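This briefing is intended for a reader who is new to the structure shown below. It begins with a pairing of charged side chains and then turns to related topics.

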Amino acid sequence: MNELAQVWTIARLEIGRAFFSRRALWVYLLALFPAVIFIGHGVDVTYKKQRWSARGATPANVLKEIANGASDEEVLGKAGQPVFDRQWNRRRHRGESEELEDVSRRTIAYFDGKRLVQFDFEGGKLTRTSQRPLLTFDEDRAAFAAVFQYFYLRLAIFFGCLGIFINLFRGEMLDKSLHFWFLAPVRREILLLGKYCAGLIASVVIFGTGTIIAFTAMLAFQDSAEMWSYWQADGAYHITWYVIAAALGCVGYGSVFVAAGLLLRNPIIPAVVMLLWESINGFLPNVLQKLSVLHYLQSICPVAAPMDANFPPALRMLLSPAAPTAAWQSIGGLLCVTVVVLLVASRAVRRLEINYGTD
Amino acid sequence: MSDFIVFKDVSKFYGEVLGVNRVDLHIPPGITSLVGPNGSGKTTLMNLMTGLVHPGSGTITVRGLSPFQPEKLMRILGYATQYDAAPRGVTGYDFVVAGLLLYGYAPGEAERRARQAIETVSMTQAADRKVAAYSKGMRQRIRLAQAIAHEPSVLVLDEPLNGLDPLVRAETIALFRNYAAEGRHVILSSHVLQEVDVFSDQVILIANGMIVAEGEIKNVREEIHEHPSQFLLHCQNPSRVASLLFEETHITEVKLDPEGRGVLVLTRHRDAFSEAVQRIALSGVEIDGVVPTDENVDALYEYLIGGGR
């Protein structure tokens, strides 16, 4: 039996455990969390749209004609029943004097079928008009990029791979079943590779599917014309690279955690060290940046993640990406890092002994 | 390629705890029993020869192969460990088939061999049940099935007779004998010498990580016969029984049981002692029962380690 066939046999035998390890079922929650966010957002928007449309959408041209200075009664007369109407009083100083006065305020909003148009009144007169679309495709795409890079790559795939790959050897040590593999006529390196492939298949399927579901959820609630034009322009390209980034995340983090499972007993230690290393990567010299998985993953993400100006400076520093690398260089770099880590792991697995008593 | 299993000056420490110390062994084909009390190093010796643990010093070869080459060694070796666990959720049948697939057998051939091995250990009825639901004896047998399924030349079995009912036990021993008759190695461990001495070709006695005695079973048995055995005679009149026993030449010590149950007797000749007890009983002195009090292997080790005193 050639060694490639052995790798595949081991992966086949191990794959069920990699998918349904009782210690790693929470991985599915992490993988599906972005999808839940986007589905929730879409359902919320759809519900509002239906509720407001049921009252009858106000024609956009009617709303456009309303100018500042109009009274609230005039607006109500022209535009009809609003989707919401709030009134309150604000107490403030009259001019420069110490004397207080109550000013009545009112906000009336209309829905024109796509946008929410809001009129703000002070003392019965219109002072400000604002409008915002119920669903903004650009904003949602930026939100997806942010969720993917700040949550999915940095946390979900990171901890998901921790759960799946650490268990490949450490979990069997705890279950006292690792000897089953060590008594097979298989080189230990081949065993490592087979188990790694099983973890990789499971994690790529879980997180790749999670990415596709979240992306689909983000698109599904958009205006269909806008969605199709995006899909034909950049959409297919974007989702392809998001899935590639997720898969490469599994390749990189998987190798690190399978090695950690062989070298260390406590998975918390490698997780914390790795998370710190990945977080401070942006501050490291160029050479050291190349030893980070995240560095390469950020470089192949198709859309730059937005950075909110209101983020605290420390968080902005942690989230800011390191100097980008070209996509193909990134893939090559990541695969090199993975090979080096797997070589270290193969040395460890050759030395590994069955000693359940001490685990 | 050598037909022997060879340990050359092998030591193994688990941190500061001794596993085995300076072991030299030359094990020929046939049934070899490793006998010793719990914690004496039997499992360590088996784990060393199968590569599950690595020696701190010394070298091991199994029929010329190093345990550091599992891809070659495991083709000729089957090991039924003492570890109860199997991969989670598998049935006995799947467990044996999975092992065979790793040997490179095509699925059809793996299934045929698995069925045959399972039948050999009389587990056909329970083959489709989850291993997790098996009794201790059934787990023992399914591990044995997995170890023999690829028909190895070296069969290593850790306490293989534990938890087996008498019928299966007899069948299992017959299986070992067949293997040995074909020129294969059958290495098994036990902490009860009497359990294995009837069918072993050679025995290795181990205590505290060191080999205490090693050789063909008949030679070791003679040494064991020299070992005085202690019995407790339950009787109504201990003083009378003691005085009658003193007249027997093979009796080395007689004393009254401190707990008042009867007489404690030390003899070097079990058969003669048995005849003496029969004579005393026939003479009208009431003897309620005879119980061996040191028929455990620990007592034998104390004797052997102490140089036969």
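The side chains of Glu353(A) and Lys12(B) meet in a salt bridge, with 2.9 Å from N to O. The model is a predicted one.

**Salt bridges and polar contacts**

- Side chains of opposite charge can pair when their charged atoms come close.
- Between chain B and chain A the count is 1 salt bridge, formed by Glu353(A) and Lys12(B).
- A search of the whole structure, over all chains, finds 30 salt bridges.
- Between chain B and chain A, 5 residue pairs are in polar contact, with both residues at pLDDT 80 or more.

**The side of chain B that touches chain A**

- Three elements of chain B each supply at least two residues of the side that touches chain A: strand E1 (5–14), helix H2 (70–76) and helix H3 (92–102).
- Of these elements, H3(B) gives the largest share of that side, with 5 residues.
- Sorted by class, the side of chain B that touches chain A holds 15 nonpolar, 7 polar and 4 charged residues.

**Extent of the interface**

- In total, 26 residues of chain B are in contact with 28 residues of chain A.
- The size of an interface is often given as the accessible area lost when the parts come together.
- Between chain B and chain A, the buried area is about 2400 Å², and carbon and sulfur atoms give 67% of that area.
- Leu52(B), Arg88(B) and Leu102(B) supply 30% of the area that chain B buries against chain A, which is more than any other three residues supply.

**A nonpolar patch on chain A**

- Which residues form a nonpolar patch on the surface? The patch is formed by Leu32(A), Phe33(A), Val36(A), Ile37(A), Ile39(A), Val43(A) and Ile213(A).
- Together, the residues of this nonpolar patch have about 550 Å² of accessible area.
- Helix H2 of chain A, which spans residues 26–54, gives the most to the nonpolar patch, with 6 residues.
- Val43(A), one of the residues of the patch, is found in helix H2 of chain A.

Notes. Residues are numbered from 1 along each chain as its sequence is written. Chains are lettered from A and ligands numbered from 1 in the order in which they are written. This is a predicted model: local features need pLDDT of at least 70, side-chain atom pairs count only at pLDDT 80 or more; totals for chains, interfaces and linings use all residues. Side-chain values use heavy atoms; hydrogens and water are left out. Contact means heavy atoms within 4.5 Å. Buried area is the accessible area (1.4 Å probe) that two parts lose on being put together, summed over both. A salt bridge is a side-chain nitrogen of Lys or Arg within 4 Å of a carboxyl oxygen of Asp or Glu. A polar contact is a pair of N or O atoms within 3.5 Å; within protein, one must be able to donate a hydrogen and the other to accept it, and residues adjacent in sequence count only if both atoms are side-chain atoms. Helices (H or I, at least four residues) and strands (E, at least two) are DSSP runs, numbered from the N terminus. Ala, Val, Leu, Ile, Met, Phe, Trp, Tyr, Cys and Pro count as nonpolar, Asp, Glu, Lys and Arg as charged, and the others, Gly among them, as polar. Patches are made of residues with over 30% relative accessible area and no salt bridge: like charges are joined within 9 Å, nonpolar side chains (Val, Leu, Ile, Met, Phe, Trp, Tyr) within 5 Å. Accessible areas come from the Shrake-Rupley method with a 1.4 Å probe; for residues, only the protein chains shown count as cover.
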